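Dear colleague,

Please find below the structure that I am handing over to you. My notes on it follow.

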Amino acid sequence: MFTFKKGPYPASEIEPQIYNFWEDNHLFESLESDTQKEVFSITMPPPNITGVLHLGHALDLTLPDIVCRYKRMKGFNVCWFPGTDQAGLATDNKVEQMLKKEGIKKQDIGREAFIEKIWEWKKTYGSKIIEQMKLIGTSADWSKLRFTKDEEYEKAVIKAFVTYYNDGLIYRGKRMIQYCPRCKTALSDIEVEHKNVKGELVYIKYFVENSDEYIVIATTRAETMLGDTAVAVHPDDKRYKKYHGKNLILPLIGRKIPIITDEYVEIDFGTGALKITPSHDPNDFNLGKKHNLDFISVISDGLTMNKECGKYSDMTLKDARKAIKEDLIESGNFIKEEPFVHSVGHCERCKHILEPVISDQWYLKTKTIAQKGLETVENGDINFIPKRWFKVYKDWMTDIYDWCISRQIWWGIRIPVWYCKDCGEIIVSEIEPKNCPECYSKNLHQEEDVLDTWFGSALWPFACMGWPNESDTLQMYYPTSLMVVGFDIIFFWVSRMIFSSLYFLNAIPFENVYFHGLILDKSGKKMSKSSSNAIDPSSLIKEHGADSLRYTVTSYSSSSGQDIKFDLKKNKASRNFINKIWNAGNFVMENTKDINYKNEIDTRLSIWDCWIISKFNNVVKCVEESIENYSFNEASGAIYSFFWHDFCDWYLESSKTTSNKFVLRKIFALSLKLMHPIIPFVTEALWLQLEENSEESIMYKSWPTFIQLTESQNYQATSIVPQIQDTIREIRNIKSEFQLGKPDGIDIEILVLDEALILEFQSNLESIVSLARIESAKFVKKESPHFIANPVNSKVTIMFPKHLIDIKNEVINKNKKIEKLDKELQKLEIKLSNPNFIDHAPSELIEEVKSEQKEIETKKEFILDRIKVLSAN
């Protein structure tokens, strides 16, 4: 397939070849006929067809891929269902903006031509997204690829709508909705993004009818006063008791409006008097219904004042606000204005300020079906990881409102409703009717609105498997085992998938949901193109390889699902790790060419063989438990520590003297299996080389298992080797302290006060000398005055010959270090003796300073002891 190259891992050359190898051999495809294996199924959160993937998608793809690869190696029948999402409003906006750059307005070309343009967009960008998903190593079953607006999927969505409607759960009603003037469509409440906006609070006199007395009203939207139909006060507010039942005169208009009482009004907020504009505020809408008030609309399209506004008609909202304020000043109704920061709803997609309007829309009654979804999770039938997200889910499902499912855009699944223009009959059908069932007229017109994208996405876990048909795929793989998703769409998607599945299949959609955090930049800010901090995963893959990116996002992902502060430096460190694996593989294969490692490990093992097997057993257990518990960061950390430090730093180096080539090759091969789920490309490449041009993928090799050691071997691994390692570290530290680089002439003495231990040390003397990089070592029974003694522990002491050390210079240098440490200690002591610091600094910071002080004192004490030893001779 490819040849080994020494040096850095050639990701850009190897990774495409490896992915082609997987696809050419159909290794991702699952079989419904494979009934002997336990099933593990998962559906992909389908990315939008609105452009390129971002780092969040890299996380969404890597984590489930790890679990899928792990489950395959554990012997499961794994099926990962991939797909892309139509993303109605987002795609509609994107293509509209593209056409705008070409000087084309979508209204000019019409609905059908515009939709054709979107299909062209989907063909281009949908395939690009698939390519990017493959680039990161996604092992989904591409033979089961679905699009949430393909022909069969659209039939499923229409089936769901008609079923809900026939069951009395879907209705059309005139209600207050959030309207986006830019997108020209209604939005559901959870598609509203609230942002703090600087505005002004205008105080206005509303005079009592036939009186010089007035009530002061404060508003941030003076232009909506034209639609006021009441002023509300709290029934217990003593200030306004005398006005109960009276009328006010609406400034500028002269219309009489009643003073009403309602406990909704907060006595202590503002002036305690609330202007009620039922047609332009959600809360006022409810009060208007409750008190049977008039509903007067004064804003037409969310942008301008309508014809009911007299002289202000056709003005923009901003201009009308200014003109009304000027007229209030002139009429004597204006009191004052003051700066005011308030929360304003914005479109989640285009970021435009939203306008609450009353409109005819289609709604899904969600209270009853949401209750069943809540009970299902509450009973433990679906497991949330981490569990803290259940409270968020519960709060949402408890206070859920009817879902506005209609959108006034062109791209999407058109609502399957037809209106008879002759008799007014409403026809709801899965297929287009030929005539009216009441009057038999053929003069029918289909509803212009499309369904909210999330309505169709809510069916994804089962619709992607062929529902409403009773497919073999649905029978085999439903419910799914796991859903991996960002916590930010718990309302948009997770809650709706749950109640949709329960409603249509009377089954849960998945057994477990793992909520991961959001990817932020290294300073904790949300990534976006406008902030210039967005990172393109494709560029990272091009630069360092997919495995590096996969390892990086995995190392950030814990079972607690915390947000991720992504640092490019960490991705470079991950690249270094992949290079380490690649180069270690090169070394192992060069030095074990003639070894058949496929046999079982026998009992004739060196002490270092026992140690690496023991370490391997530990890391297998750790990685397995970590993946099972979704502690992906712990799995990646354990792999790194084992392979870099235990295998490469110690065992690989010791193998140069102990020479058990069989164990070296065996443990390396098992390590590739262990690392494969997280970093599949480099492990597959090395595996195929290790197998001597075999075409048998690592993907379906069995997961590593415990390697048995005898009691004596386990004792050597856990008790003897750590002491040998401590001894080697101490020798290295002393060499570093006295700047003794080369091994030439470094002849040390080792004093071991344990007869059994000295035998172990003697039998491993060659590896001690080699790993410590010294010329020789010998064992002695007492300390010598010509050597500097350095205790390793109570049983082992290392002695370095004094003639290798420039004692005079060492003492001078160490005294300089003491002076520097004293200055640092003085600064810390001043800080800790400052009452302001102790009283006001965070406790964590105080402990940090104390810890630093203790660390410096320990360092100083060590240097002083060293000076004492050197000066005594």
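Is Tyr478 buried or exposed? Tyr478 is buried, at a relative accessible area of 11% (buried is under 20% and exposed over 50%, with a 1.4 Å probe and protein chains only).

The model is predicted, so local features need pLDDT of at least 70 and side-chain atom pairs pLDDT 80 or more, whereas totals for chains, interfaces and linings use all residues. Residues are numbered from 1 along each chain as its sequence is written, and side-chain values use heavy atoms, without hydrogens and water.

Tyr478 sits in the loop between helix H12 (472-477) and strand E22 (480-486); helices (H or I, at least four residues) and strands (E, at least two) are DSSP runs numbered from the N terminus. Beyond four places in sequence, its contacts (heavy atoms within 4.5 Å) include Phe462, Met465, Leu505 and Ser501. With the side chain of Ser501, the Tyr478 side chain forms a polar contact at 2.5 Å (N or O atoms within 3.5 Å, one able to donate a hydrogen and the other to accept it; residues adjacent in sequence count only if both atoms are side-chain atoms).

Ile541, in helix H14 (residues 537-544), is also buried, at 8%. Its C-alpha atom lies 7.8 Å from that of Leu135, 406 residues away along the chain. Among the residues that Ile541 contacts beyond four places in sequence are Glu15, Leu135 and Ile136.

Yours sincerely
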